[in-house]
Amino acid sequence: MNAPIRIGILFGGPSAEHEVSCASALGVARALAGGGYRTVAIGVTRSGGFRLLPDALLAELRDRPAGERAIDDQLVVSGPAVELRAGPRPGVVQVTAGNAPGAVHAELDVVFPVLHGPYGEDGVVQGLLESLNVPYVGCGILASAVGMNKVAMKRALRAEGIPVTPYVAFDAHTYRAVDDPEKLVTGLRRPLFVKPASMGSSIGISRVGEGDDLAAAVRKALRHDQLVMVEQGVAGRELECAVLGGWRPEASAVGEVRVSGGWFDYQQKYFGDADPMIVPAVLPDEVTARVRELSLRAFAAIGGWGLARVDFFYDEMAGELYVNELNTMPGFTAHSMYPKVWAAVGISYREVVDRLVELARVRHAERSASMAGSLR
C-alpha cells in the first residue's frame, strides 16, 4: 500500500490579500481532507515568517461548520516558527524548527501555495520552492510573475492577438513629474479603472467617472505598487472561466458576476450578503465557446500550468469579448467562482485539488527527467 502524499498548505503572507488567502486555504484544507493525504498548514506572517499551524487547531478549523461568508471562515497564522529546507532526497522538503534546523516537524512531497497577491502569486514563493526542488501546485515562476503584473499580462495577451481593453500604464516617477495626470490618460474614455499593476481581489482599484478625481485614484493605487495601469471601462457583462491542466488544459463552464450597483469591488466580493455569481452564465452557445477558447489561449500566452481563472468583459451590443485579466491563484473558498464553474460540469472541489496535486508531481517528474538527461 502506497504511503499517503504529504502536502503542505502555504497561506497568509505579507500582501494586502492576507485574509483572502487564509479563507482560501481553509477551503483547500477541507477539500484535501479524506482524500488520502497527510496535510499540514504553514502560515506566512505579514512580515514573511513561517508558522506551523498545530494539527489539532487545523482539524478544529477544518471540521467546524462553514460560515455564511467565506471571509469569516479562515485558517489562522499561529504556531511555532519554522523554516522550509531541502529534504534528504530530491522532491522532498523538510519543515524544521526555526531555532533548531535539525529538529524536523514534517516532510512534504507537495507544497500547495494558497497565497494571493505579491510574494505568493508573483513568482517569489515559486522561486523558493523551485530552489528547494519540491513539487508545488500552480503556475511556475514566469507565468506567475506575468499573471500578477497586469501590464506584462496585457502585453503577453496582445502579442498573441487576444482582445484586451484599451489601457495606459505609468510608474510613480512619471506620475509625479507631470503637472496634470489627465495628460497620462489621453485617448481613453471614461469611466476609467485605475489599478495597481500587481495586486488582486480588487484592492487599490478605483472607478473614475466624469468629474471624479483621477489624481486621488492614482495615489490610492500607488499605495500598493509603483506601477499603475489605467483601463478604459467597458459597458457590459462580467464573465469568468476557469482553466485546469498542464500541456493540454481544459476550460470550465462560464460564470457571470452580477452586482446590484457600482462594480465588483473588495467589499462586494468578500463582505456582501448576496451571492452575485450565476453559474452557468446564460449566453449564446457561440459566446460560451469563444470564452472557453480565449481562456485556453490566454493561459497558453502566459505559459500557465495547473490553474488560472480568466476574467472577461462582454459587450453585448457590439458582440465583443475582452480578456480583463488572469488570476493564477484565484479565490479558492467554497463560495469562490473557480470551484463553482467546475462543479457546473461535474468536477467536484475535491477532484479539482486532486488534479492539481497530480499536475504538480507530473511537472516536477518531467523537469527532473529533463535535467537528468542534460547531465548525461
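Which strands and which helix do the buried residues of H7 pack against? I start my notes on this predicted model with that point. I find that the buried residues of H7 pack against helix H6 (172-177) and against strands S8 (167-171), S9 (192-196), S10 (206-208) and S11 (227-232).

**Entry 1: helix H7**

I listed the buried residues of H7, which runs over residues 214-222. They are Leu 214, Ala 215, Ala 217, Val 218, Ala 221 and Leu 222. They cover an arc of only 160 degrees around the axis, so they sit on the same side of H7. I then looked at the N-terminal end of H7, which Asp 213 caps. A side-chain oxygen of Asp 213 lies 3.1 Å from the backbone nitrogen of Ala 215.

**Entry 2: the whole chain**

I stepped back to the chain and noted 11 helices and 16 strands. Its radius of gyration is 21 Å, close to the 21 Å that the globule rule gives for 376 residues, so the chain is as compact as a globular protein of that length. I noted that the C-alpha trace spans about 60 × 50 × 50 Å along its principal axes.

I looked up burial next: buried residues are 53% of the 376 residues. The accessible surface of the chain is about 16200 Å², and carbon and sulfur atoms hold 51% of that surface. For contacts between residues at least 6 apart in sequence, I found that 66% join residues at least 24 apart.

**Entry 3: domains**

I wrote down the division of the chain. Domain 1 covers 6-137, domain 2 is made of 146-150 + 154-163 + 235-328, and domain 3 covers 166-232. Between the C-alpha centres of domain 2 and domain 3 I noted 22 Å.

**Entry 4: helix H5**

I went to H5, residues 150-159, and found these buried residues: Lys 150, Val 151, Met 153, Lys 154, Ala 156 and Leu 157. What do they pack against? The partners are H4, S8, S9, S11, helix H9 (285-301) and strand S16 (320-327). S8, S9 and S11 were also among the partners of the buried residues of H7.

At the start of H5, I saw that Asn 149 brings a side-chain oxygen to within 3.0 Å of the backbone nitrogen of Val 151. After H5 comes Gly 161, and its phi is positive, near 75 degrees.

**Entry 5: Ser 144**

I looked up Ser 144 in helix H4, which spans residues 141-148. Is Ser 144 buried or exposed? Its relative accessibility is 2%, so Ser 144 counts as buried. The side chain of Ser 144 reaches the backbone oxygen of Cys 139 at 3.2 Å. Leaving out residues up to four places away in sequence, I listed what Ser 144 touches: Glu 121, Asp 122, Gly 123, Gln 126, Cys 139 and Thr 328.

**Entry 6: Gly 306**

My last stop was Gly 306, in strand S15 (residues 306-315). Gly 306 has 1% relative accessibility and therefore counts as buried. Which residues does Gly 306 touch, not counting residues up to four places away in sequence? I noted Val 243, Leu 244, Gly 245, Phe 299, Leu 356 and Leu 359. I also looked up Gly 306 against Val 40: they are 266 residues apart in sequence, and 21 Å apart in space, C-alpha to C-alpha.

How values were computed
Residues are numbered from 1 along each chain as its sequence is written. This is a predicted model: local features need pLDDT of at least 70, side-chain atom pairs count only at pLDDT 80 or more; totals for chains, interfaces and linings use all residues. Side-chain values use heavy atoms; hydrogens and water are left out. Buried means under 20% relative accessible area, exposed over 50%, partly exposed in between (1.4 Å probe, protein chains only). Helices (H or I, at least four residues) and strands (E, at least two) are DSSP runs, numbered from the N terminus. The arc is that of the directions from the helix axis to the C-beta atoms. Contact means heavy atoms within 4.5 Å. A polar contact is a pair of N or O atoms within 3.5 Å; within protein, one must be able to donate a hydrogen and the other to accept it, and residues adjacent in sequence count only if both atoms are side-chain atoms. The radius of gyration is taken over C-alpha atoms; the globule rule is 2.2 Å times the number of residues to the power 0.38. Accessible areas come from the Shrake-Rupley method with a 1.4 Å probe; for residues, only the protein chains shown count as cover. Domain bounds come from an automatic or database domain assignment.
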